[in-house]
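Try each task before you read its solution.

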Amino acid sequence: MYSIKDRLVNALTVIIGIILLVVFLSLDFILDAWVDQQFDDALVEKSNYFKSLVEVESDGIEFEYHKGFMPQFERKEEAQYFQIWVGESTFAKSQSLTYFDDVDLDYQDVPTHESRIFDIKLPDGSVGKAISARFQPQLSSDVDPTDVTYIETMYLTLAISNQRVSNILLMADLSLIFVFITAIFGIRMVVIKVVDRELDSLYLLNKEISELDENAQGIQSNPKESKEISPIRKELNRYIELNIQNVANEKRLSSDIAHELKTPIAELISLSEMNIRFPDDVRISATYQEDVLSISNNMKTIVNQLMALSQSASGNYGIEKKEVDVRLLTEEVCAELQFKHPTMGERVAFSSSLASPMIHVDRFSLETVIKNLLDNALFYSVEESAVSASIEKEGDGSVVIKIKNTSSNPLTHDDLNNIFKPLYQVNKSRTHTDRHGLGLAIVKNIAQLNGYDLSVDYQESREVTFTVVIPQG
């Protein structure tokens with residue numbers, strides 16, 4: 001099981017860390033490049049300065065270097081070095097080189113008036129950079145150029161330690177690393193605090209859920225609740241309301257079942273007591289067996305319908321779709337209902353617009369739906385009134401079954417809302433021993449399991465229409 005908080009904190013830390021790493025690396029590269037460029041520019045500038053100190057006089061080449069003005073070329077520690085050649089012989093070199101016996105600077109050969117910068121190990125053992133240049137000394141202002149027939153080429157190497165610069169860059173790198181690590185931990189702590197604060201409403205919601213009991217009516221809203229948590233609370237409250245309704249329906253269903261079974265049980269007890277008390281009374285004993293059988297059959301019908309309702313509401317209801325002749329199926333249903341409604345042959349009018357009577361459905365499901373809807377229409381309609389049943393095919397290929405009848409009693413809005421609930425009965429059926437209010441509930445469950453669209457329409461003329469849409473394909 002993963003933690004949203006940990007994932008969020010880690011993701012933000014990694015993303016921000018990568019951004020900071022890219023920024024700091026870019027800054028480090030830019031700083032290193034800038035420092036190297038400045039160091040190289042300083043080498044070039046100093047080499048040009050030394051070249052300007054060399055002049056051609058009438059009596060030879062003169063190097064106008066004065067001691068004391070650049071002490072870095074005269075000391076032994078943290079010194080800088082230069083050496084100038086004329087041809088292959090040394091013309092001049094810094095005093096700092098004289099502290100080391102027989103030590104000359106390296107020279108990298110370059111074209112005239114060109115220079116080259118390279119890494120070098122200085123005489124004192126430190127690492128630095130050097131610049132080598134080939135040049136021709138300039139003429140002194142006192143010398144006539146026509147008097148000079150040849151100016152000999154000279155060479156220069158200037159070496160400077162870059163240890164201090166390297167140390168500064170190292171300190172800068174360490175500072176950037178320290179800032180990076182500190183920023184990562186700081187950002188992580190800030191993110192953790194922000195996430196914890198923003199998740200307070202979720203923790204509070206979880207606490208309220210854990211404190212719910214069987215009497216809870218819902219979860220109260222919290223002033224600190226975020227926009228993301230509010231829909232969760234609303235859905236939980238909706239779920240609680242549905243559960244409350246389901247519990248209420250189960251209680252009502254249990255009460256109605258007890259009521260339905262109480263009547264035949266009371267009849268059996270009463271009939272048995274009368275037979276025991278008056279065993280010689282022909283009026284009781286003559287019909288006792290038939291009465292017990294009739295009451296028992298009524299109880300069996302109630303139990304069978306309750307089992308059918310339970311099976312249709314569970315996931316164990318088997319559905320096997322195949323090609324079914326709907327006209328033949330309708331005839332079989334009418335034959336089964338004939339004993340309950342002897343006049344149904346004259347009352348029920350069938351019509352069909354199907355080009356072929358074969359439809360792809362679960363036979364038992366469709367038979368149960370048609371049988372219950374026809375039985376319901378015949379029982380609740382005006383006595384001897386007509387009942388119409390039609391089967392049509394829509395443009396999308398679905399099959400539509402409509403069963404219409406004229407209700408003997410007006411239906412209220414409450415009747416229409418509860419008509420598919422188990423054991424719900426309208427006034428006429430409450431006193432009828434064969435009606436238990438389970439047929440339409442079974443139809444609704446089977447329709448949902450098969451994906452049928454079941455609806456009821458009621459007009460002011462008391463015309464009731466049940467519509468079942470059966471998708472094909």
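**Exercise 1: Aromatic rings**

The structure holds 15 aromatic pairs, where rings of Phe, Tyr and Trp (its six-membered ring) pair if their centres lie within 6.5 Å. This is a predicted model, in which local features need pLDDT of at least 70 and side-chain atom pairs count only at pLDDT 80 or more, while totals for chains, interfaces and linings use all residues. Residues are numbered from 1 along each chain as its sequence is written, and side-chain values use heavy atoms, with hydrogens and water left out.

Task: classify the pair formed by Tyr 49 and Phe 50 as stacked, tilted or edge-to-face.

Solution. 
- Step 1: recall the classes; planes under 30 degrees apart count as stacked, over 60 as edge-to-face and the rest as tilted.
- Step 2: the ring centres of Tyr 49 and Phe 50 are 6.0 Å apart and the planes stand at 75 degrees, so this pair is edge-to-face.
- Step 3: check the surroundings. Tyr 49 has a relative accessible area of 41%, so it is partly exposed, whereas Phe 50 is buried at 1%. Here buried means under 20% relative accessible area, exposed over 50%, and partly exposed in between (1.4 Å probe, protein chains only).
- Step 4: widen the view. Both residues belong to one aromatic cluster, together with Phe 63, Tyr 65, Phe 73, Phe 82 and Phe 91.

**Exercise 2: An open sheet**

Solution. 
- Step 1: write down the order, β4-β3-β8-β6-β5, with antiparallel pairing in an open sheet. Strands (E, at least two residues) and helices (H or I, at least four) are DSSP runs numbered from the N terminus, and two strands pair if DSSP finds at least two bridges between them.
- Step 2: Neighbouring strands are turned by 25 degrees against each other on average, direction ignored. Axes are lines fitted to C-alpha atoms, for helices over the stretch in contact, and angles run from 0 to 180 degrees between N-to-C directions.
- Step 3: follow β5 to its partner. β5 and β6 (residues 127-135) pair over seven bridges in the antiparallel sense; Ser 115 is bridged to Ala 133, and Phe 118 to Ala 130.
- Step 4: inspect the turn. The β5-β6 hairpin has five residues between its strands, and Gly 125 there has a positive phi of about 95 degrees.
- Step 5: see what lies across the sheet. Helix α1 (residues 4-52) lies across β3 (81-86), β5, β6 and β8 (154-161), at about 140 degrees to β8.

**Exercise 3: Helices and an annotation**

Task: compare the span of helix α2 with the expected value, then list its buried residues.

Solution. 
- Step 1: helix α2 (residues 163-198) has 36 residues, and the expected span is 52 Å at 1.5 Å a residue, taken as 1.5 Å times one less than the number of residues.
- Step 2: the first and last C-alpha atoms of α2 are 51 Å apart, close to that expectation.
- Step 3: the buried residues of α2 are Leu 169, Leu 176, Ile 184, Val 191 and Val 195, and α1 is included in what covers them.
- Step 4: turn to the record. The unreviewed UniProt entry annotates residues 12-31 and 168-191 as "transmembrane region"; such annotations may be inferred rather than shown by experiment, feature names are shortened, and positions follow the numbering used here.
- Step 5: Residues 12-31 are 100% helix with end C-alpha atoms 28 Å apart, and residues 168-191 are 100% helix with ends 34 Å apart.

**Exercise 4: Positive phi**

Task: where do Glu 78 and Arg 462 lie?

Solution. 
- Step 1: most residues other than glycine have a negative phi.
- Step 2: Glu 78 has a positive phi near 50 degrees; it is found in the loop between β2 (60-63) and β3 and is exposed at 56% relative accessible area.
- Step 3: Arg 462 has a positive phi of about 70 degrees; it lies in the loop between β14 (453-458) and β15 (463-470) and is partly exposed at 33%.

Key: Contact = heavy atoms within 4.5 Å.
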